[in-house]
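Here is a short report on a predicted model. Look at the fold first, then read on.

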Amino acid sequence: MKETLLIKHAVGGRTFLDTDKQPVAYQWEQSGTGWRLIVHKLSKASIEQILTWKDELNLFLFQQVPGEPMKKIWFYIKEGQVMYDEAKEELTIEADSRIEYIPDTFGSLH
């Protein structure tokens, strides 16, 4: 499976991170009733932009399994739940909900 992480500005649509263009290590996991994303060793410029706009972020994962339609997961981020640990070089984003869908079929009636 191929997975792409996007972190974007919710208002202007500017992309702060696209792992297809800027490969970085990351992991995401269920955390209580929500989800936690941890990005490792992100560039200083990207970190500054993400922290500046931390209350206006959209977080997406695109998952592509060969032979299947691409799945998109849209995470809703809690206000202020974006933190950076300089010593560990880890950006942590907490999301309280998510929507999973197939973009090609989104909005169609079945």
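The largest nonpolar core has 22 residues, and Leu-5, Ile-7 and Val-39 touch the most other members. A nonpolar core here is a set of buried Ala, Val, Leu, Ile, Met, Phe, Trp, Tyr and Cys residues joined through side-chain atoms within 4.5 Å. Strands E1 (2-9), E2 (15-18), E4 (34-40), E5 (57-64), E6 (71-85) and E7 (90-101), together with helix H1 (44-52), each supply at least two of its residues. E6 gives the largest share, 4 residues. Helices (H or I, at least four residues) and strands (E, at least two) are DSSP runs, numbered from the N terminus. In soluble globular proteins, nonpolar side chains tend to be buried together.

Two other residues can be set side by side. Buried means under 20% relative accessible area, exposed over 50%, and partly exposed in between (1.4 Å probe, protein chains only).

Beyond its neighbours within four places in sequence, Ser-46 is in contact with Phe-16 and Gln-22. Glu-79 and Glu-56 are 23 residues apart along the chain, and their C-alpha atoms are separated by 8.1 Å.

Residues are numbered from 1 along each chain as its sequence is written, and side-chain values use heavy atoms, without hydrogens and water. In this predicted model, local features need pLDDT of at least 70 and side-chain atom pairs count only at pLDDT 80 or more, while totals for chains, interfaces and linings use all residues.

Notes. Contact = heavy atoms within 4.5 Å.
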